[in-house]
Structures are given as C-alpha cells and as structure tokens.
Amino acid sequence: MDEWDLGRAVRQWRDRVAPEAVGLPRGPHRRAAGLRREELAGLAGISVDYLTRLEQGRSTAPSVQVVEALARALRLTDGERELLFRLAGHAAPGGHLVPARITTSVQRLLDRLDHTPVAVWDATWTLLVANASYDALMGATTTWRGIERNALWRHLVGPGTRAVSTPQERADLEARLVADLRLTAARYPADPRPRRIARALAARSDRFAGLWDTVGLHPGGEQPRRKEIEHPDVGRITLDCDTLVVEGDDLRVMVYTAEPGTVDADRLALTRVLGTQDLAPERALRDR
C-alpha cells in the first residue's frame, strides 16, 4: 500500500455517501456525486484544509481520533473501518480506549430522530455528532475543533451553551461532569485522553482544578430534566432534556423534545426552519 491509498480510500468513500443520508439537502444544482469536502470536514470535526491534505496524500498519519471521526462521518462498515485504521497506520481501537464509534444501532436512532434535536457524546463528554435539529436549536457545532468539542471545556472555560440555568444548577452540572470524567479516567487507565483533557482544563480553570481534587464520584444534586433554551431568533423555549447512556458503547445520547401541541413545540419546530434557511445561501453558493 503506497502513501496515496489512504487519500484515495477517503475520496472514494466520500463520493458514495448521499447527502440525504447524513441530513444534508442535495440541492438542484449539485455536481458532487456524494459529500463535498467541506461537508465531510464539518461532519468529522476537522478543517477542510486538513481533509484536502489527507485526500491528496500530503498528510498520511492522522490521529486515532481523526480516523474514528472520518469512519463515523463516512458511515463505514466494520470491515471498512478496520481498513481505514490500517491505512492510517493504526490498529482499530479496542476495549482499552474510550469508545468513540457511533454504532449502526445508534446511527439508526439518529436517522429516525432527524427532526428532533439529538447529540451524541463519548465518555469524556466530547461531542461525537449532532444532527441538524440540534445545531438549529443550540448553535452550529460543525466548526468546533479539538477541545472545543468537550462539554466540560465549554462550561468551565469556553462560551457555555444556550441553556439557561441558576447558579446552583450550573454548579451541580459542573460537579457531575467532572465526576464523570474522573470515572472515565479510572475506567480506561490505558487511554491517556481523559487525563490529557483534565490537564488542559486544570491549566485554564481553577474551578475545574478544585473540583477534580475534591468532588466525589457521585456528587449530589439532580440536573433538572426540564430545560429552558434561549434561542437568539425564537426566544425562550422550555423543553424536556433526556440523556440516555448506551451502556455497551459508553455513549451519552442527549435528546430535546417538547410536548406536542404546545407553544414550545411550535417554537422548537421554528428553530429548525430558521436553521435551514440560515444555511441555504451558503449551500446555494457552494452548489454553483
């Protein structure tokens, strides 16, 4: 296998993925057979420039995290995923690493909940994938890179989220997230990533450093399942937020729903309409 095999494989797999399969509109003037580079890059959480270099053979040693993200975005089969890891010079991750794979059953769940805001996080609370409805409600996630995709970083260092919370609710959430990261670090001692995230957070957040040293593995306080979201165009929306843990794969699936027939349900539907409109001009330019 020469150095071009990795790039050729990614290009071929990108060409076969229909945009509709990943929640993207095809558009009337689309020339690409499958996904465009910028679409795959956004789905995988990497830059277009880096994906271009991979496909052209100018970058041949992507990290395990990048390979996993590409396999997920390209919807590879188990055999194809293993081949992609081999082409990138890695063995496919085993049970000693924090799982970052969206299994076919979880992907099927995402497909069926296309009009419901859904995001999937790994055990370090790093975002793996969010559907278009989630981005329309909570803000675009496709531009997040590296540690920006980590929920602890966003709450303790970064810009936070659109969810409205009291100081006590925020404190309880931070404690639970830190406790969960500690549990993950203990559960996967061979994986350096949880502790690397912890070191990066401790260097930027005194609050994190204090919690890491003192918080119990089962902190008190319950996060309310009813959440208020402050949307910049629609206003405040009250929604049910359920976080489902996929035990065998150690994933966290976050789902936002509204009671049918309510004002909140109408506002939630409107966020998707507005989100689609916001992206339409940009997509139209790329389609030309």
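How are α10 and α11 oriented to each other? I looked this up in a predicted model, where local features need pLDDT of at least 70, side-chain atom pairs count only at pLDDT 80 or more, and totals for chains, interfaces and linings use all residues. Residues are numbered from 1 along each chain as its sequence is written, and side-chain values use heavy atoms, with hydrogens and water left out.

Entry 1, helix packing. I found α10 and helix α11 (residues 206-214) packed at about 125 degrees, their axes 5 Å apart. The two helices are therefore oblique to each other (angles under 35 degrees count as roughly parallel, over 145 as roughly antiparallel, 65 to 115 as roughly perpendicular, the rest as oblique). Axes are lines fitted to C-alpha atoms, for helices over the stretch in contact, and angles run from 0 to 180 degrees between N-to-C directions. Helices are DSSP runs of H or I with at least four residues, numbered from the N terminus.

I then examined F208 and W212, which both lie in α11, 4 residues apart, about one turn of the helix. F208 is buried, with a relative accessible area of 0%, whereas W212 is partly exposed at 24% (buried is under 20%, exposed over 50%, partly exposed in between, with a 1.4 Å probe and protein chains only).

I located R154 over the face of W144, at 3.6 Å from the ring centre (the criterion is NZ of Lys or CZ of Arg within 6 Å of the ring centre and within 35 degrees of the ring normal).
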